[in-house]
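The sequence and structure come first.

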Amino acid sequence: PQGVAFASKYAKALVCTDHLRNTCVTSGVRIDKWTQPKQTPTPKLDRSKIYIALALSDGDNMNVWRGFSQRYFTHKDHGKIPVAFGMGPAIADIQPAIAQWYYAHAATNTEFFADVSGIAYTKLKVYGAAYTDPPAVMDGYLNWTRIYLDKMNMRTVRTVSGDDAFLKRYVARLPKMH
């Protein structure tokens, strides 16, 4: 976390690729259009029932997509409850065919969201603090994030930190979020 905060101060975001080999091979595919599964309609809430949905994180670390997460998508119970998987949008450039496999094998109650904080891992409170105009630097990060959210057909971002003021900036810069 301290390294991420230090890099964030200088407007550098982290793309986690721990133990990831052969990215030159996995990055050599181009996907023209990313399509998330069409979501099932939101159920009418019944206060006498208990609803379960999961959001799984750490998908910004590119190594989890080469096998670890696959067991969720091939499990016999996949699709029985809504699950949102955090995925670093940079996967579109680093492992596009692998990400496309997950999109193709997702259930209709599966969503992929940008994890963590947007295009890459950053600490929002200090992002761009070393520059003379930190808000402009942050706007650049959000614009970069918006490009990749659109590219990956993502509508949700999980932020690591940030107060209401930061979240309002996200909403203003990322109008397609739900």
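How many aromatic pairs does the structure hold? There are 15 aromatic pairs, where rings of Phe, Tyr and Trp (its six-membered ring) pair if their centres lie within 6.5 Å.

## Basis

This is a predicted model, in which local features need pLDDT of at least 70 and side-chain atom pairs count only at pLDDT 80 or more, while totals for chains, interfaces and linings use all residues. Residues are numbered from 1 along each chain as its sequence is written, and side-chain values use heavy atoms, with hydrogens and water left out.

## Aromatic pairs

The ring centres of F6 and Y10 are 5.3 Å apart with planes at 55°, so this pair is tilted (under 30 degrees is stacked, over 60 edge-to-face, the rest tilted). F6 is exposed at 57% relative accessibility, and Y10 is partly exposed at 34% (buried is under 20% relative accessible area, exposed over 50%, partly exposed in between; 1.4 Å probe, protein chains only).

Y127 and Y141 also form a tilted pair, with centres 4.8 Å apart and planes at 50°. Y127 lies in the loop between β3 (110-115) and α6, and Y141 in helix α6, so the pair ties together parts 14 residues apart in sequence. Both Y127 and Y141 are buried.

## Helix packing

The axes of α6 (residues 134-152) and α7 (residues 164-173) come within 10 Å and cross at roughly 50° (axes are lines fitted to C-alpha atoms over the stretch in contact, with angles from 0 to 180 degrees between N-to-C directions; helices are DSSP runs of H or I, at least four residues, and strands runs of E, at least two, numbered from the N terminus). That makes α6 oblique to α7 (under 35 degrees is roughly parallel, over 145 roughly antiparallel, 65 to 115 roughly perpendicular, the rest oblique).

The contact (heavy atoms within 4.5 Å) includes Y141 and R146 of α6 and F166 and Y170 of α7.
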